[in-house]
Amino acid sequence: PDGTAVSWSRGGSFFERSIEDILTAEGEDTATVETPIAVTYEVEAPTSVVALTGVRVVTMNEARDVLQGATILIRGNRIAAIGDGDDVAIPDEARVFDLEGHTVMPGLIDAHAHYGSIMSQTNVIEQTQPRLASELAHGVTTLYELYGSSEKDSWTMDMLRSGKSVGPRVFSTGPPIYGLRFFRPNTYRPIESIEEAGEQVALNKEAGATAVKDYVNFKRIERHQLATAARELGMNVFSETAGN
């Protein structure tokens with residue numbers, strides 16, 4: 001507040017450092033104060049027992065069987081049994097839903113999704129995100145955001161996992177490793193060395209990303225360094241890059 005220091009957040013930590021130290025320090029940084037601010041929360045998991053009866057079931061077994069008039073028994077967040085109505089015992093405590101005329105299938109995975117992870121003009125994150133609700137309504141149970149943000153995606157993933165928001169399970173690359181100085185200049189992320197590549201990948205990883213997007217990088221050496229840094233940090237790489 002008095003202008004003598006700067007502060008910033010990164011991943012699960014809050015950092016502070018005095019202006020004087022920034023201007024006078026030489027060599028390795030030892031004067032930055034780090035305060036952990038990560039919050040632990042319970043991942044939502046249902047405890048109910050549900051039976052779906054009279055339903056057509058699209059399976060994923062080797063024969064890709066389609067069962068007619070089947071019963072599905074669900075305990076908590078796991079399918080306990082699937083079979084003919086006579087073969088699956090329905091416990092007394094189960095909530096029973098007659099789904100005759102309906103089809104149950106495995107959840108879809110949207111492997112290249114854009115649910116709207118860019119922050120709004122007012123930097124407000126919607127408590128209910130319509131694109132996520134729409135994906136879930138159309139049978140998508142997992143999606144991968146391939147042009148994300150550090151500000152919104154990690155918050156969204158936490159809200160979904162804790163059961164405070166509605167939508168599929170979300171994974172994200174975080175903001176792309178963008179190789180152009182123009183078109184979207186505010187997102188340019190230069191890679192001049194393996195150390196810089198490592199820093200770019202680490203920024204995304206600490207914000208909750210599980211992969212990075214190699215986006216329109218023109219030089220082979222940049223892409224090579226990015227892939228090497230990602231491998232060292234246990235991250236996957238999605239390439240939508242420039243050139244062949």
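Author: The largest cavity holds about 30 Å³ of space. A cavity here is a set of points, on a 1 Å grid over the protein atoms alone, where a 1.4 Å probe fits but cannot get out. Points are joined across faces, edges and corners, and the volume is the space filled by probe spheres set on them. The structure is a predicted model: local features need pLDDT of at least 70, side-chain atom pairs count only at pLDDT 80 or more, and totals for chains, interfaces and linings use all residues. Residues are numbered from 1 along each chain as its sequence is written, and side-chain values use heavy atoms, with hydrogens and water left out.

A search of the whole structure finds one cavity of 30 Å³ or more. Its lining residues have an atom within 4 Å of a point. They are Ser-149, Ser-150, Asp-153, Ser-154, Met-157, Ser-172, Thr-173, Gly-174, Asn-204, Ala-207, Gly-208 and Ala-209. Helix α3 (residues 153-161) gives the largest share of this lining, three residues. Helices are DSSP runs (H or I, at least four residues), numbered from the N terminus.

Eight residues are polar, three nonpolar and one charged. In this scheme Ala, Val, Leu, Ile, Met, Phe, Trp, Tyr, Cys and Pro count as nonpolar. Asp, Glu, Lys and Arg count as charged, and the others, Gly among them, as polar. Asp-153, Ser-154 and Met-157 are among the residues that line the cavity.

Terms used: On a 1 Å grid over the protein atoms alone, a cavity is a set of points where a 1.4 Å probe fits but cannot get out, and a pocket is an open set with protein on both sides within 12 Å along at least five of seven lines; lining residues have an atom within 4 Å of a point. Helices (H or I, at least four residues) and strands (E, at least two) are DSSP runs, numbered from the N terminus.
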